[in-house]
Every structure is written in C-alpha cells, then in structure tokens.
Amino acid sequence: MHYCSQQRGRPGIPLEDYGVEDLRREAARPKGCAPFCTISCVHQTAMLDDFRERPREALAGILERRRRIDPSFQPPRIVGMLSWLFLDERRRGTFAKLTLGLLRLKPKATASAKIR
C-alpha cells in the first residue's frame, strides 16, 4: 500500500498484510504532502472524507471559500435551503431531528448516551 502514485513506499505495507487497523491509522494520519499535492483526485477525496466526517462544517467551509472569491455568489436554491435548515444554529437541531424521523434513521449515540 502506498498513499498515492507520488508517494511510493509510504506506508509501504504489502496489500495482503494491510488490515483494518492499518486502514484506520493511515486514514487518520496527517499527510504533510497533502497541501502541496497537484493531483486533484487527492483533494476531491479529502473533501469527501471531510464531508463524511463533518458535513455541516465542510459545507459551511465550501460556501465560505466561494463567497470570499465572489462576494455576490448565491448557491443553487437547494443548497441555500439546506444551508438555511441545517447550518443555522437556531434551526439545525429541530430540522435534523425531523429529517432523521422522516428518513426513519436513528441519531448517532453520543458519549453520554452510551454511558447510561
């Protein structure tokens, strides 16, 4: 296993020996080369990872960066609506619970809920 085609030998573990713990460790490890990477798929994958782990913060960051470049930027209506519903502190808890209920999903257990 290698981080990418440009980083041969890192971590350099044979694929047949690469296990779940290796995957977790390497996924969480900061890659010093990432900010300087010229391979767009790396940035796209990192964006998806960030969105999976922290969807609200990732979306807010994408919109904020775009507005810095173009202050008149207006996101597509559906993105604007989702931002209004889920990014605004005053609304997000209520709409998140409603959405989870509509989708018949259970909210993630918090650390305090697991202790009980």
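**Contacts, a pocket and a cis bond**

Reader: Leaving out residues up to four places away in sequence, which residues does Asp-22 touch?
Author: Not counting anything up to four places away in sequence, Asp-22 touches Ile-13 and Asp-17. Bear in mind that this is a predicted model. Asp-22 itself sits in helix H1, residues 20-28.

Reader: Does Asp-22 count as buried or exposed?
Author: Asp-22 has 15% relative accessibility. The cut-off for that label is under 20%, so Asp-22 counts as buried.

Reader: What about Arg-24, buried or exposed?
Author: Arg-24 is also placed in helix H1. Its relative accessibility is 54%, and the cut-off is over 50%, so Arg-24 counts as exposed.

Reader: Which side chain does the side chain of Arg-24 make a polar contact with?
Author: Look within H1, where Glu-21 is found. Glu-21 counts as exposed, at 54% relative accessibility. The two side chains come to 3.2 Å in that polar contact, and the partner of Arg-24 is Glu-21.

Reader: How far apart in space are Arg-24 and Pro-71, C-alpha to C-alpha?
Author: Along the sequence, 47 residues separate Arg-24 from Pro-71. In space, C-alpha to C-alpha, the separation is 39 Å.

Reader: On to the pockets. Which helix gives the largest share of the lining of the largest pocket?
Author: The largest pocket has a volume of about 780 Å³. Of its 27 lining residues, the closest to its centre are Glu-26, Lys-31, Val-42, Thr-45 and Asp-49. Both H1 and helix H2 (40-53) supply at least two residues of the lining. The largest share, eight residues, belongs to H2.

Reader: And how many residues of that lining are nonpolar?
Author: Sorting the lining of the largest pocket by type gives five polar residues and seven charged ones. The nonpolar residues of the lining number 15.

Reader: Which residue's backbone oxygen lies 2.8 Å from a polar atom of the side chain of Ser-83?
Author: Ser-83 is in helix H4, residues 77-86, and counts as buried at 12% relative accessibility. Beyond four places in sequence, Ser-83 touches Leu-59, Leu-63 and Asp-88. The backbone oxygen at 2.8 Å comes from Val-79.

Reader: Thr-38 next: what is its relative accessible area?
Author: Thr-38 is placed in the loop between H1 and H2. From Gln-7, Thr-38 is 31 residues away in sequence and 13 Å away in space, C-alpha to C-alpha. Thr-38 is exposed, and its relative accessible area is 76%.

Reader: There's a cis peptide bond in here. Which residues does it join?
Author: Head for the segment before H1, where Pro-11 lies. The omega of the cis bond is about -5°. The bond joins Arg-10 and Pro-11.

Notes: Residues are numbered from 1 along each chain as its sequence is written. This is a predicted model: local features need pLDDT of at least 70, side-chain atom pairs count only at pLDDT 80 or more; totals for chains, interfaces and linings use all residues. Side-chain values use heavy atoms; hydrogens and water are left out. Helices (H or I, at least four residues) and strands (E, at least two) are DSSP runs, numbered from the N terminus. Buried means under 20% relative accessible area, exposed over 50%, partly exposed in between (1.4 Å probe, protein chains only). Contact means heavy atoms within 4.5 Å. On a 1 Å grid over the protein atoms alone, a cavity is a set of points where a 1.4 Å probe fits but cannot get out, and a pocket is an open set with protein on both sides within 12 Å along at least five of seven lines; lining residues have an atom within 4 Å of a point. Grid points are joined across faces, edges and corners, and a volume is the space filled by probe spheres set on the points. Ala, Val, Leu, Ile, Met, Phe, Trp, Tyr, Cys and Pro count as nonpolar, Asp, Glu, Lys and Arg as charged, and the others, Gly among them, as polar. A polar contact is a pair of N or O atoms within 3.5 Å; within protein, one must be able to donate a hydrogen and the other to accept it, and residues adjacent in sequence count only if both atoms are side-chain atoms.
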